[in-house]
There are 2 protein chains.
Amino acid sequence: MRATLIHGPRDVRLEQVPDPAIQRPTDALVRVVASCVCGSDLWPYRGVRPTKQPRRIGHEFVGVVEEVGADVRTLRPGQFVVAPFTVSDGTCAHCRNGVHTSCVHSSGWGGDDAEGVFTDAGQGEFVRVPLADGTLVAMPGTPDADLLPHVLTLTDVMGTGHHAALSAGVGPGSTVAVVGDGAVGLCAVIAAKRLGAERVVALSRHESRQALAREFGATDVVAERGDEGAAAVRDLLGGGPDQVLECVGTKESMQQALDTARPGGQVGFVGVPAGGPELPVQQMFGTNVGVRGGIAPVRAYIEELAAEVWSGTIQPGRVFDLVLPLDEVAEAYAAMDERRAIKSMLLP
Amino acid sequence: MRATLIHGPRDVRLEQVPDPAIQRPTDALVRVVASCVCGSDLWPYRGVRPTKQPRRIGHEFVGVVEEVGADVRTLRPGQFVVAPFTVSDGTCAHCRNGVHTSCVHSSGWGGDDAEGVFTDAGQGEFVRVPLADGTLVAMPGTPDADLLPHVLTLTDVMGTGHHAALSAGVGPGSTVAVVGDGAVGLCAVIAAKRLGAERVVALSRHESRQALAREFGATDVVAERGDEGAAAVRDLLGGGPDQVLECVGTKESMQQALDTARPGGQVGFVGVPAGGPELPVQQMFGTNVGVRGGIAPVRAYIEELAAEVWSGTIQPGRVFDLVLPLDEVAEAYAAMDERRAIKSMLLP
């Protein structure tokens with residue numbers, strides 16, 4: 001089959017790789033119907049994280065079950081499934097707590113699973129899915145072309161935006177600011193709105209993203225950044241937002257979030273910390289602004305969010321503003337890297 | 001009058017200072033009935049924080065209103081009052097949010113108030129209290145000698161322990177670990193219990209403190225620290241506690257808290273960060289363990305906690321295991337510094 005490998009900075013290639021097959025009785029084999037490029041894929045693409053040797057890449061995909069292992073109970077061939085961006089057994093204490101990313105049998109796409117068996121990544125034609133019962137979620141049917149992008153966001157960005165809002169404690173009447181106008185930040189706007197936020201301020205300097213944020217439910221847009229941005233949001237919300245959703249992952253964006261929240265407020269963070277800036281505990285102590293979040297256990301949220309995607313209540317797939325065939329995967333990355341696209345969808 | 005000054009490491013002295021008087025129409029003059037030494041007073045006492053010049057010290061006191069300014073509406077001479085450890089107006093947006101420590105007119109004891117007028121500290125005979133209506137809370141009567149220590153904890157440690165538990169989100173059925181067996185840690189045990197925690201594990205190596213923790217509601221005690229301590233707590237609680245209350249303020253204690261919480265858990269922190277260690281954002285991202293807390297807005301909690309103190313439901317004053325006259329203030333510090341006392345009470 002064909003699958004995407006990253007070789008180094010700005011070097012992703014579609015190549016021939018071995019066809020995957022069922023290897024464990026709990027596996028499923030999935031034919032990928034759509035995949036996409038994640039903002040976090042850009043860290044190795046930009047060389048911020050080194051790529052020591054060529055490796056498979058892509059952790060967001062949906063598809064059709066082709067075959068299941070003998071012990072798979074909840075899935076059958078022909079079902080359309082959503083794969084969250086990590087593998088989980090669904091039964092351990094952490095999964096039962098809704099923190100599937102800390103599953104004792106957790107693994108990622110494009111590396112070895114908990115048993116040491118190689119697992120394909122998402123930007124390809126087929127994927128062997130370990131622990132299929134725990135990992136995959138079957139949809140009520142096969143989405144048509146219009147619905148497909150919305151369903152695809154359940155693999156990561158919609159669930160991740162939701163996790164930011166949940167981690168920050170957004171609820172009815174909340175005042176919220178969202179730092180980051182990428183796909184996750186935009187989905188965080190949707191998430192804050194559906195959780196009942198009264199005011200949602202999107203920090204964005206890009207007109208098209210500002211417009212989409214407003215359509216997703218942002219009540220206000222602030223283009224300033226840094227101290228000016230914090231002051232502008234605080235002015236709008238009389239002292240500052242109850243919650244700030246940090247959806248970027250840089251030292252600057254986290255500082256923006258901490259400086260913007262009102263005293264006693266909460267930052268929900270989901271941006272993968274690039275390079276590991278540490279958090280200023282003295283500032284947090286003095287202001288009582290908390291920080292909670294992390295790698296989003298999107299598996300926990302798929303059913304709830306899927307219901308609203310299928311009913312058309314939310315349309316997170318509008319973050320895809322570029323759709324390309326899989327063999328143009330290099331362009332899919334380049335367009336996101338150069339901010340010509342918010343998010344690229346790939347069709348095999 | 002007489003009041004305590006700190007001159008430098010291990011050098012606190014009771015000295016003659018000017019008698020305070022009402023200076024603003026919103027002031028009250030309070031005769032101190034009891035005060036105490038805070039764990040955070042030990043940072044300058046130990047030289048961890050430098051003392052540039054001799055200065056008044058002490059931020060926990062209760063007493064009787066002697067006189068009030070013309071604009072004071074809610075207090076009258078003769079009332080017994082509790083002073084939280086910061087001054088607040090009670091009316092600004094942050095006070096209304098319950099974050100009185102971020103009051104726009106906030107100030108501390110033993111320094112200048114928001115108008116630049118010197119305010120006495122607590123370890124003395126009298127205190128000029130700015131913004132008295134916002135700052136002070138009148139008790140239902142004058143506590144007798146038995147009740148006095150419990151009421152005194154409302155100035156700081158009981159409210160601070162409560163803030164740790166609230167910040168961490170302790171609620172009915174929670175599993176909780178408490179890092180720190182000082183007065184705040186012990187009060188945090190009380191707080192977790194009264195908020196409905198099902199299991200409360202106190203991390204303590206001192207027999208007398210272990211015993212008090214159990215009397216306060218700890219269901220388990222773990223004497224180990226570091227990785228061993230974290231593993232012992234996780235074993236006890238099947239994967240780790242939902243909440244960890246960090247009541248010390250060192251890099252080690254915060255790391256202990258982060259390592260002990262279950263994935264997706266929450267650290268509530270109230271220990272003043274000594275020297276400002278930063279928080280490991282990568283670890284927090286990977287585990288989804290949040291950190292929330294800070295300088296406790298105890299003013300917000302006095303009424304609620306006072307009701308339980310006066311009814312005898314909680315007895316946080318048992319943390320005082322040394323009572324001395326004010327002129328032995330130096331010994332009050334030394335005993336806490338050398339861990340001969342959990343907490344020292346001073347009677348003028």
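1. In this predicted model, the side chains of B:Arg128 and B:Asp113 form a salt bridge, with an N to O distance of 2.9 Å. B:Arg128 belongs to strand 7 (residues 126-129) of chain B, while B:Asp113 sits in the loop between helix 2 (93-96) and strand 7 of chain B; the two are 15 residues apart. B:Arg128 has a relative accessible area of 1% and counts as buried. B:Asp113 is also buried, at 9%.

2. A salt bridge in chain A joins the side chains of A:Arg10 and A:Asp337 at 2.9 Å, N to O. The partners lie 327 residues apart: A:Arg10 in the loop between strand 1 (2-8) and strand 2 (11-16) of chain A, and A:Asp337 in helix 12 (residues 329-337) of chain A. A:Arg10 is partly exposed because its relative accessibility is 48%, whereas A:Asp337 is buried, at 12%. A:Arg10 and A:Asp337 are also linked with A:Arg46 in a network of salt bridges.

3. A further pair consists of A:Arg24 and A:Glu115, whose side chains meet in a salt bridge at 2.8 Å, N to O. A:Arg24 is in the loop between strand 2 and strand 3 (28-36) of chain A and A:Glu115 is in the loop between helix 2 (93-96) and strand 7 (126-129) of chain A, so the bridge ties together parts 91 residues apart in sequence. A:Arg24 is partly exposed, with a relative accessible area of 27%. Over all chains, the structure holds 40 salt bridges.

4. Across the interface of chain A and chain B, by contrast, zero salt bridges are found. The count of residue pairs in polar contact between these chains is 16. On the side of chain A that touches chain B, helix 10 of chain A gives the largest share, six residues. By class, that side has 16 nonpolar, 20 polar and three charged residues.

5. The contact draws 39 residues from chain A and 39 residues from chain B. The area buried between the two chains is about 3000 Å², and carbon and sulfur atoms give 59% of this area. A:Val281, A:Phe285 and A:Asn288 supply 23% of the area that chain A buries against chain B, more than any other three residues.

6. In helix 11 (residues 302-310) of chain A, the buried residues are A:Ile302, A:Leu305, A:Ala306, A:Glu308 and A:Val309. They lie on the same side of helix 11 of chain A because they cover an arc of only 165 degrees around the axis. Their packing partners in chain A include helix 5 (157-168) and helix 6 (183-194). A:Gly312, which follows helix 11 of chain A, has a positive phi, near 85 degrees.

Technical notes: Residues are numbered from 1 along each chain as its sequence is written. Chains are lettered from A and ligands numbered from 1 in the order in which they are written. This is a predicted model: local features need pLDDT of at least 70, side-chain atom pairs count only at pLDDT 80 or more; totals for chains, interfaces and linings use all residues. Side-chain values use heavy atoms; hydrogens and water are left out. Contact means heavy atoms within 4.5 Å. Buried area is the accessible area (1.4 Å probe) that two parts lose on being put together, summed over both. A salt bridge is a side-chain nitrogen of Lys or Arg within 4 Å of a carboxyl oxygen of Asp or Glu. A polar contact is a pair of N or O atoms within 3.5 Å; within protein, one must be able to donate a hydrogen and the other to accept it, and residues adjacent in sequence count only if both atoms are side-chain atoms. Helices (H or I, at least four residues) and strands (E, at least two) are DSSP runs, numbered from the N terminus. Ala, Val, Leu, Ile, Met, Phe, Trp, Tyr, Cys and Pro count as nonpolar, Asp, Glu, Lys and Arg as charged, and the others, Gly among them, as polar. Buried means under 20% relative accessible area, exposed over 50%, partly exposed in between (1.4 Å probe, protein chains only). The arc is that of the directions from the helix axis to the C-beta atoms.
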